[in-house]
Structures are given as C-alpha cells and as structure tokens.
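I opened my notebook to look up a few things in this model. Here is what I wanted to see first.

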Amino acid sequence: MKTVNHWIDGKSVEGTSGTYGPVTDPATGARTTRVAFASVEEVDAAVAAAKAAYGTWSTSSLAKRTAVLFAYRALLDAHREELARLITAEHGKVHADALGEVARGLEIVELACGIPEKLKGELSTEVSSRVDVAAIRQPLGVVAGITPFNFPAMVPMWMFPLAIACGNTFVLKPSEKDPSPAILLAELARRAGLPEGVLNVVNGDKVAVDRLLEHPDVAAVSFVGSTPIARYIHTTASANGKRVQALGGAKNHMLVLPDADLDAAADAAVSAAYGSAGERCMAVSAVVAVGGIGDELVAKIRERAEKIKIGPGDDPASEMGPLITRAHRDKVASYVHGAAAQGAEVVLDGTGFTVAGHEDGHWLGLSLLDKVSADADAYRDEIFGPVLCVLRADSYEEAVELINSSPWGNGTAIFTRDGGAARRFQLEVQAGMVGVNVPIPVPVGYHSFGGWKDSLFGDHHVYGNDGVHFYTRGKVITTRWPDPEDRGVDLGFPSHR
Ligand code: NAD
C-alpha cells in the first residue's frame, strides 16, 4: 500500500507518530493508500523549517521570486495530466473535471508571477516641506493553510502561490482524504527552484490543525472547509492573535424568473448541481422557480439529469463520478430518503444506483426533489452531494427574501432576460459572488473569491487583491531629508508647513 508522508524543508519526511489515516479509491471503495498523521513535534518541525527559510526568502528580490514562480508555472503546466490523475484516484471526480481544477489553480500561480505589479507601493512627495510619505506592504512571516477534500489541488493553489510570492513561507495541511496532489505540488515547487523550507506540507487531522492554530510562530491562517470548522478555526486562531480568513460551506440558490430561457436554465442547473457529484462549494443546490414555470423547468431538468452518465472518473465516458467516502455517500442518501416525509416530491431518486463491476464504489445517482419547503432538512442543510432541491416562489421578492434568509451567502445566480431585474438582484442579494445567467460564478484569479455570512469568517476573500492584502501588512514611512533652514527645536505637535 502506498504511504503519503510529509514534505518538510524541501524533502519527503516519513511520519513518525505511528498514526495513519486511510485513503480510498472512491470508484472501487478499496483502500489504496495510507496517509501519515503528523504529531505536534512534526508540525513544529515544519513551522521551524518555514521560520528558518523566512529571513532569506522574504528579502530575496522580486526578480528571484518571480523567476521561481514562472518556472513553477511551466512545470505545473507540464504535469497537468499527472495532477489530474492523482485527483481522480483519491477524490473520484472525472478526469476532465480534475483537469479543470488544475487549470483554475494555475490561474493563481499566473497571478503570483505578476506579484511585482501588486506589491508596488505608493509614494506622495512633498506632503510637507521636504517631507515624503511612502506606503509599502511587507510579508507576515510563516503562514498556514488548511484545505478541504473537494479541491485537493486548486484550493491549496488559492493560497500558497500568492503567500510565497509576497515573501511569506508556508505550511499546508491538506485534507487527509485526498492528500497526494498537495505533495506533488510541493515537489514541483522544489524542482522549480523554490528554496528549502519555503513551502512545507504536513498531513494529518485535528492534532496537526490545532497545533498550527496555537503555534506562536504562525502569523496567519487561511482555511477552506465546512462552516462549523471554519467558525472554530476563526475563533481559535483569532484568540491566539493570528490573522485569519476562514471560508465555510454553502447553499447556493439559482433563481429562475418566468422570462428566462428555460432550456438554458435547465442546462445550467444540471451542470452546476451535479458536476463533481455536487461536491463543490459553489454547486447550485437549490433552484427557486418564480411564477408558473416550476413544472416545465422541473421536467426539463429531469430530462437532462436522466441522461448523465455516472461511472469511474478515469473512464472518459463518465460525466459524474462517485462520492468521497462511503459514510458521506450514506449521509447524502439519507436526505433523499427523508425528503418525502418532509413534504417534497421525489422526482428522481438516485440512492439505489450502482456501477456494475464496481459495486463497492461510493455511488449515488442523481436525485431531484421538487416542491421542497424552506424548513425541510434537505433545504436547510448543506448536503454536498448530487441532490438538487427545487423550491417555488410566487414573486421575485419572495424568492430574494428566501435566499437572503439563508444563513449562507457564498454564490447565487439569477436566470432572466430582464436586465432591470438582474441589476436589482445583484444589488439586493446577500451573497459574495453573483452570477447573471452564469450558474457557478467563481471569480477569475485577478478578482477575489469569498462568500458572506456563514460562508466566510474574517475580512479578506481569497486570491486577487484581497489575497495579496491578506498575506501582507502595511507600513507607512515618512521621510525628511533636512535642509539647513529646517533646523531648530519645535515642541509643537507635527503639523504641515
Ligand atoms: P472539513 O471542514 O471537514 O475539513 C476541512 C479541513 O479541516 C481538513 O483539512 C480537515 O482535516 C480539517 N478538520 C476537519 N475537522 C476538524 C476539526 N474538528 N478540527 C480541526 N480541523 C479539522 O471540510 P471537507 O469535508 O474537507 O470539505 C467540504 C466542505 O468545505 C464543504 O462544507 C464545502 O462547502 C466547503 N468548501 C468551501 C469552499 C469555499 O470556498 N467556501 C470551498 C471548498 C469547500
């Protein structure tokens, strides 16, 4: 059985805690790998390596840092296939989707290649006689990233490329469910010329996370995962004096107005609800049909959903793969089993689905629940699986009120031909990312990604300008080069002359 170890100080380091977690191939249910869980001492070793590397890395020139990042970009580009295969083997998503994940992560490496432009400071000359003021941004020190299972390459790439481009050193704690892509990302960074200790990976569970949250040498923590853990990370790391951005879970609504192109809306709903088996934080999990279009829209969604081909992620014919673990598969199925008792119409029930020859895989077919009420569990909870809830609303106002009363505010979308309604929606809706006829409005790398309410704890979104801001702190320098005529004691408060 393959063992995934840690990556500390530029090399693979075997785990010594004696504790390992299982990694399964979701398409077969077979345990293929074990992942070492770091002890407190192993986390301390990674932080110490990052701290030791910080002095040289943070003062190395922008030219040197970006040379490494450009080389890294080229290596990642050359290893897209290998990364995607690792993602599919441990996460289960289909190969084309895994390639898409790598491409979206690469966007942030490309942004990081242009870091000199982002780190240009500000200068005001002659703010007073012979006085200039400069504003610069400097790195924080050692920063930690803790990431979820559903994007084992992209979410780490949301964090460390920008963090290290800004001059920080980094300790990543990837998901224990699919840890291999993160190790390959670190190996490639080393091959690109990243000095030892600048990027470290510790694998593990709560023991490793808690040590990072309390370690006195960790200056900041970036987290992406479920809402309860995001809240915990934010509270604990803040209490320990660290800067924190903690992105949580979601329930993303797609509002469909009566004037929308219903075929386009149905295409979008099926793609966004069932892609990656619904295991995306930006998946559409609730469609709100406004006016009398509900029956027609549900029929169109059903017609498309029934044609989706489910199978192993490495089969090019598969459009949707299995779920991450058996336990998660069973939990998702329980929402479908309980839906009718809570008043929903079960239009499609995917819970009996399996793939011949792969019966132990974590399979679920597509489920479609109609006329779901706002107090049903299937609507109130983040299911994180291939289950789409359709709710009905009589008016635009009722639909927006429903969306705005959700505790989450990650992404949302409106489908309409009415520009005025779309404009009103983008201003009124309480979510961090809004799509207009775009079902999954994940911002490109040079804008920032983040939700509102229980979808993000902290002030900063990730990547884009917010990411640069998160990984740096400001300093303002006021300079006077004295002239003989400036001499003389003056006990007054400094004022402008
Ligand atoms: P998770 O919260 O279970 O785990 C995320 C990370 O936290 C992992 O590295 C895990 O090891 C660690 N962790 C888990 N329990 C912990 C504990 N008790 N104490 C300390 N650390 C702990 O999330 P997941 O199941 O891996 O990922 C799915 C979730 O992530 C979904 O809720 C999804 O919406 C969310 N997500 C959000 C975004 C976003 O951008 N907002 C993006 C991707 C995923």
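**The annotated span**

I began with residues 15-476, whose end C-alpha atoms lie 44 Å apart, with 40% helix and 22% strand. Helices (H or I, at least four residues) and strands (E, at least two) are DSSP runs, numbered from the N terminus. The unreviewed UniProt entry annotates residues 15-476 as "domain: Aldehyde dehydrogenase"; such annotations may be inferred rather than shown by experiment.

I noted that residues are numbered from 1 along each chain as its sequence is written. The model is predicted, so I kept in mind that local features need pLDDT of at least 70, side-chain atom pairs count only at pLDDT 80 or more, and totals for chains, interfaces and linings use all residues.

**Helix 2**

I checked the length of helix 2 (residues 62-78): its 17 residues should span 24 Å at 1.5 Å a residue, and its end C-alpha atoms are 24 Å apart, which agrees. The expected span is 1.5 Å times one less than the number of residues.

Which residues of helix 2 are buried? I found Arg-65, Val-68, Leu-69, Tyr-72 and Leu-76. They cover an arc of only 100° around the axis, which puts them on the same side of helix 2; the arc is that of the directions from the helix axis to the C-beta atoms. The face turned away from this buried side carries the exposed residues Ala-63, Asp-77 and Ala-78. Buried means 20 or more other C-beta atoms within 10 Å of a residue's own, exposed 12 or fewer, and partly exposed in between, with C-beta atoms placed from the backbone.

**Helix 7**

I saw that helix 7 is followed by Gly-193, whose phi is positive, near 105°.
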